[in-house]
Amino acid sequence: MEQANSAIRVDGARKVYKTVGRSPGRAAVDGVSLEVEQGSIHGLLGPNGAGKTTTLKMLIGLVKPTEGTFKILGEDSTSPKGRRFLGFLPEQPYFPQHITAMQALRFYGQLAGVEKQDIDGRAVELLGKVGLDGTERTELSKFSRGMLQRLGIAQAIIGRPAVVVLDEPASGLDPVGQRDIRNLMLELRESGTTVLLSSHQLSEVEAVCDRVSILNAGKVAAEGHIDELLNISGQTSIRVRGLDELPAAVNALAGDVAVSGSVWVFSVEDSAVRSVVDAVDDAGGAVMSLAPKRESLEDYFARLIASARTGVAS
Ligand SMILES: Nc1ncnc2c1ncn2[C@@H]1O[C@H](COP(=O)(O)OP(=O)(O)OP(=O)(O)O)[C@@H](O)[C@H]1O
Ligand SMILES: [Mg+2]
């Protein structure tokens, strides 16, 4: 379904990498379609080798697609007009070693069309945003892995692109850096920017993404809100405290029971929630939380991969 306000539209993307001296292997990306609404944050998830980077690189024009169309705000993403809308953080950002952070951002700012008189101010502002304040004059040979990642993110957004594509933005970042980048993505969305990111981190994806596409073996295995994808319908997860053991009536209904001290976490059928809460109350315990039961991303991927191997969808 074509939406007038889609910022990114990928249709039928397919990539078969050429392998020297061998017959072409299986498609790295095999019929992927994506649609990202303007001003939203979309996550690409999937196990290693699923085809996330290849999809993003085809969109950016760094990998030549075998098939497919790639549009940014209605323009061919590799046309000069389409490119002007785009900012990109590659999976492994690389910079010349012997320039300073300021020189790097000046260079990328010029490439992205930032007005000359605005470049230095914008570069300093961005270094602050990505937690690199005070490194203006530091040579990049002295930057750590995480600092280069932060600079890569600043580089991606220096030209205030309408669409930002980030290949694993949290990679190599410490927890504070990850939080900074999450906040930066939310700020970008606030200002109407569209963000497409790939990630392995459920916490990052949950915190920022409006929708996600899950890739597996080059295909879109699922698409939607993260909650829709991971909620196990009909079950509630309950956390209680203050009990040495679960009342027998609860024990009979509870699944996936985990205990730490006097805190218990377990799941029950939705229909049993009321009676379980009463039983916990009667036994002198306190209910700390009730939430729809969710599958972990690890379990989801494991199930996805197993079903792809056996050909049995579960
Ligand atoms: N330049 C290349 N030449 C040949 N095959 C490639 C090339 N780049 C990627 N591939 C293959 O394409 C498939 C998809 O790789 P891709 O890098 O897109 O996966 P990914 O989802 O980004 O994985 P990761 O989570 O590890 O970053 C893999 O099987 C990989 O081996
Ligand atoms: Mg990748």
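Begin by selecting strands β4 and β5, which pair in the antiparallel sense over 2 bridges; strands here are DSSP runs of E with at least two residues, helices are runs of H or I with at least four, and both are numbered from the N terminus. Two strands count as paired if DSSP finds at least two bridges between them. Within this pair, Ile72 stands opposite Glu75 in β5.

This is a predicted model, in which local features need pLDDT of at least 70 and side-chain atom pairs count only at pLDDT 80 or more, while totals for chains, interfaces and linings use all residues. Residues are numbered from 1 along each chain as its sequence is written, and chains are lettered from A and ligands numbered from 1 in the order in which they are written.

Next, select residues 6-15, strand β1, which pairs with β4 (residues 67-72) in the antiparallel sense over 5 bridges, and find Val10, which stands opposite Phe70 in β4. Strand β1 also pairs with β2 (residues 29-37), again in the antiparallel sense, over 7 bridges, and here Ala13 stands opposite Val32 in β2.

Now show the 4 strands together: they form an open sheet in the order β2-β1-β4-β5, with antiparallel pairing. Because β2 and β5 (75-76) stand at the edges, each with a single partner strand, one side of each is left without a neighbour in the sheet.

Then select ligand 1, which is surrounded by Tyr17, Ala28, Gly46, Asn48, Gly49, Ala50, Gly51, Lys52, Thr53 and Thr54, each with its C-beta atom, placed from the backbone, within 6 Å of the ligand. By class this shell has 3 nonpolar, 6 polar and 1 charged residues, where Ala, Val, Leu, Ile, Met, Phe, Trp, Tyr, Cys and Pro count as nonpolar, Asp, Glu, Lys and Arg as charged, and the others, Gly among them, as polar.

Finish with helices α3 (residues 101-111) and α5 (residues 145-157), which pack at an angle of about 30 degrees with their axes 9 Å apart. The two helices are therefore roughly parallel to each other, a term for angles under 35 degrees. Their contact (C-beta atoms, placed from the backbone, within 7 Å) is made by Ala101, Ala104, Leu105 and Tyr108 of α3 and Leu151, Ala154 and Gln155 of α5. These contact residues divide into 6 nonpolar, 1 polar and no charged.

Definitions and conventions. Axes are lines fitted to C-alpha atoms, for helices over the stretch in contact, and angles run from 0 to 180 degrees between N-to-C directions. Angles under 35 degrees count as roughly parallel, over 145 as roughly antiparallel, 65 to 115 as roughly perpendicular and the rest as oblique. Two residues are in contact if their C-beta atoms, placed from the backbone, lie within 7 Å.
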